[in-house]
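Subject: Structure for you to look through

Hello,

Please find the structure below. My notes on what was found in it follow.

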Amino acid sequence: MQNFSSPPTPTERIVKIIRDKTLAIMKKGVSFLVTVALIALASSLASASDPSPLQDTCVAIAEPKNAVFVNGKFCKNPNLTKADDFFYSGLDKPGNISNPVGSAVTPVNVAQIPGLNTLGISAVRIDYAPYGQNPPHTHPRATEILTVLEGTLLVGFVTSNPENRLFTKVLNKGDVIVFPIGLIHFQFNIGHTNAVAIAGLSSQNPGVITIANAVFGSDPAIDPDVLSRAFQLDKNVVKNLQSRFWYDNN
């Protein structure tokens, strides 16, 4: 009886091609190119978002003393998890908007809900005073989807160099917009009353970099000569900006 073997899978074909190419290169003694090829392969397989969970739950716990660093949080023993590990109360309460930027961000990430660990998602509530704003900022690890619950917001984001294209919309109650990962974006309350929005982010710990705070409020301060040339400003203007208190609404 004749045996019919099943055709190789795409993965098997890729592995065979890489193996054959690697052997051919090694025979020529060009080990550097092998390293480059392996790095390229690893990069192509890398994920651009939080790593997928490898168990049903991984509730975050405080890092053990002298523990090895992990990408995220250490996991609680699943047998010790409880409902409160996946729960947060208080997002109905408005934040304090009596501040220089006129807004307040209430986060709900892995720091508030340990059960979010490894799940790649979090949320925020944002309150705005009349003409208050969530200043231009970026989330280095997350895409954001924002929904207006009350009020009217002028929102926008700017694409990367060299285009630096501005996308902007006026949002009313019930409107939704997406801010792509890593891009600078903002919200500005153009109404005469308070506004409220809620947003979801594609990371348990999205991070936030407020542009003005990072540039003019860094610790230690960036050399004024650097900022003077970068922003085409007089050095005294830069020094004045650096001397100010840059409020963090997060």
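**Aromatic rings**

Phenylalanine 179 is buried, with a relative accessible area of 1% (buried means under 20% relative accessible area, exposed over 50%, and partly exposed in between, with a 1.4 Å probe and protein chains only). This is a predicted model, in which local features need pLDDT of at least 70 and side-chain atom pairs count only at pLDDT 80 or more, while totals for chains, interfaces and linings use all residues. Residues are numbered from 1 along each chain as its sequence is written, and side-chain values use heavy atoms, with hydrogens and water left out.

A search of the whole structure gives five aromatic pairs (rings of Phe, Tyr and Trp, the last by its six-membered ring, pair if their centres lie within 6.5 Å; planes under 30 degrees apart count as stacked, over 60 as edge-to-face and the rest as tilted). One of them is the stacked pair of phenylalanine 157 and phenylalanine 167, at 5.1 Å centre to centre with 15° between the planes. Phenylalanine 157 belongs to strand β7 (residues 153–158) and phenylalanine 167 to strand β8 (residues 166–171), so this pair ties together parts that are 10 residues apart in sequence. Helices (H or I, at least four residues) and strands (E, at least two) are DSSP runs, numbered from the N terminus. Phenylalanine 157 is buried at a relative accessible area of 12%, whereas phenylalanine 167 is partly exposed at 32%.

Phenylalanine 157 also pairs with phenylalanine 179, edge-to-face, at 6.4 Å centre to centre and 85° between the planes. Phenylalanine 179 lies in strand β9 (residues 176–179) and phenylalanine 157 in β7, so here the parts tied together are 22 residues apart in sequence.

**The chain and its confidence**

The protein chain has five helices and 12 strands. Of its 250 residues, 31% count as buried. Among contacts between residues at least 6 apart in sequence, 69% join residues at least 24 apart (contact means heavy atoms within 4.5 Å).

The average pLDDT of the chain is 85, and 77% of the residues score at least 70 (pLDDT is the predictor's confidence in each residue, from 0 to 100). Over residues 33–39 pLDDT stays under 50, and the model has four contacts beyond four places in sequence for them. Residues 41–48 also have a pLDDT below 50, with two contacts in the model beyond near neighbours in sequence. Where pLDDT is low, the predicted coordinates should not be read in detail.

Valine 59 sits in the loop between α2 (31–45) and β1, and at 0% relative accessibility it counts as buried. Leaving aside neighbours within four places in sequence, valine 59 is in contact with residues including Phe74, Cys75, Asp85, Phe86 and Pro114. Valine 59 and threonine 118 are 59 residues apart in sequence, yet 8.5 Å apart in space, C-alpha to C-alpha.

Asparagine 71 is in the loop between β1 (60–61) and β2 (74–75) and counts as exposed, at 70% relative accessibility.

**Backbone**

Most residues other than glycine have a negative phi, and most peptide bonds are trans. The loop between β7 and β8 holds proline 162, and the peptide bond from asparagine 161 to proline 162 is cis, with omega near 0°. Asparagine 164 is in the loop between β7 and β8; its phi is positive, near 50°, and at 40% relative accessibility asparagine 164 is partly exposed.

A cis peptide bond also joins aspartate 219 and proline 220, with omega about 0°. Proline 220 lies in the loop between α3 (211–216) and α4 (224–230). Tyrosine 131, in the loop between β4 and β5, has a positive phi of about 65° although it is not a glycine. Tyrosine 131 is partly exposed, with a relative accessible area of 46%.

Regards
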